[in-house]
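Dear colleague,

I am handing over a structure for you to look through, and below it I have written down what was found. Please keep the structure open while you read.

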Amino acid sequence: MLLLRGGGRLGEAMAEPRQFRFAEAGGGRRAALTLHVPEVPDRRYGLYVWPCAAVLAQFVWSRRGALPGRRVLELGAGVSLPGMVAAKCGAEVLLSDSEELPQCLENCRRSCLMNALPHVPILGITWGRMSPQLLALPPVDVILGSDVFFDPKDALYIDFQPLFHISRHLTTLRIWRLTKTASSPPNCADFEDILTTVYFLLEKNPQAQFWTTYQVRSADWSIEALLYKWKLKNTPVPLHSFGADKEHLAGSSLPGRHTIEMMIISLARSDGT
């Protein structure tokens, strides 16, 4: 059985592996990479390639020249597309998903085996928990996370839209919910687990960066207070700067017409910038 992020279960039926082919722009002999990803054929579940993963994987591919020897950790990896791109480009990659979701960890392993990456370690890391696995992590240079902000009460994915208003301390962000529930009023504490985990990793690795993608939907929540609390800053990355301003990436149908944004989170300096 396969497990949802919200705790439900789904049968073992799997779709045909989805193919992604990343290629260098231009003519002649171009660098290229083809990956195959096993997924559950239902967009509501966590073991599926979401649009954000394709965009983040494209960003990783665009940085491939800087990846050999770099130490990369993917949080909430699921099907692990961005992390596998990094591994194929020469990075030393660790993949992780919640230790409470062994089926997600199994799918990380399935993806790696399907793409001849049997050596990539798979770790159970639950956001917000100071587990032995988290504490024992080796140094990292880059942390990856695609669509990692979601409502833990109903397992609906939450995304945020930068308002591109640079304040003295950080770029204002506004969280966008997929749907609203009358019994669950907005509470930015729902995002504390992922941000505290990211902060712990960045504090332990001050030069590291958190590369993340998110999908713009409708305004509702804000995490500005949490970013300020944990002394984090973000830098928006325009999609056109890495060839991701298209409806179809890596020969796939993703991200489609969804509005995806990319940003890099890092530790703020002492002056808040």
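A residue is called buried when its relative accessible area is under 20%, exposed when that area is over 50%, and partly exposed in between, using a 1.4 Å probe and protein chains only. This is a predicted model, in which local features need pLDDT of at least 70 and side-chain atom pairs count only at pLDDT 80 or more, while totals for chains, interfaces and linings use all residues. Residues are numbered from 1 along each chain as its sequence is written, and side-chain values use heavy atoms, with hydrogens and water left out.

Of the 273 residues of the protein chain, 53% count as buried. Its secondary structure comes to 6 helices and 14 strands, where helices (H or I, at least four residues) and strands (E, at least two) are DSSP runs numbered from the N terminus. Of the contacts in the chain with a separation of 6 or more, 71% are between residues 24 or more positions apart; contact here means heavy atoms within 4.5 Å.

An open sheet is formed by 7 strands in the order β7-β6-β5-β8-β11-β14-β13, with mixed pairing, and two strands are said to pair if DSSP finds at least two bridges between them. At the edges lie β7 (122–124) and β13 (232–237), each of which pairs on one side only. From one strand to the next the twist averages 25 degrees; for such angles, axes are lines fitted to C-alpha atoms, for helices over the stretch in contact, and the values run from 0 to 180 degrees between N-to-C directions. Strands β5 (residues 71–74) and β6 (residues 92–97) pair in the parallel sense over 4 bridges, and L73 stands opposite L94 in β6. Helix α3 (residues 102–114) packs on the sheet, where it touches β6 and β7, and its direction makes about 170 degrees with that of β7. Helix α5 (residues 192–204) also packs on the sheet, touching β5, β8 (142–146), β11 (209–215), β13 and β14 (260–267), and its direction makes about 50 degrees with that of β14.

Within the sheet, G145 is found in strand β8. Is G145 buried or exposed? G145 counts as buried because its relative accessibility is 0%. Leaving aside neighbours within four places in sequence, G145 is in contact with L56, L75, F210, W211, T212 and T213. G145 and L73 are 72 residues apart in sequence, and 8.9 Å separates them in space, C-alpha to C-alpha.

Helix α2 (residues 81–88) is mostly covered, since 7 of its 8 residues are buried, among them L81, P82 and M84. After α2 comes G90, whose phi is positive, near 100 degrees.

Some details of the backbone deserve a careful look. A116, in the loop between α3 and β7, has a positive phi of about 55 degrees although it is not a glycine, and A116 counts as exposed because its relative accessibility is 55%. K231, found in the loop between α6 (224–229) and β13, likewise has a positive phi of about 55 degrees without being a glycine, and its relative accessible area of 53% makes K231 exposed. The peptide bond from L254 to P255 is cis, with omega near 5 degrees, and P255 is found in the loop between β13 and β14.

With best wishes
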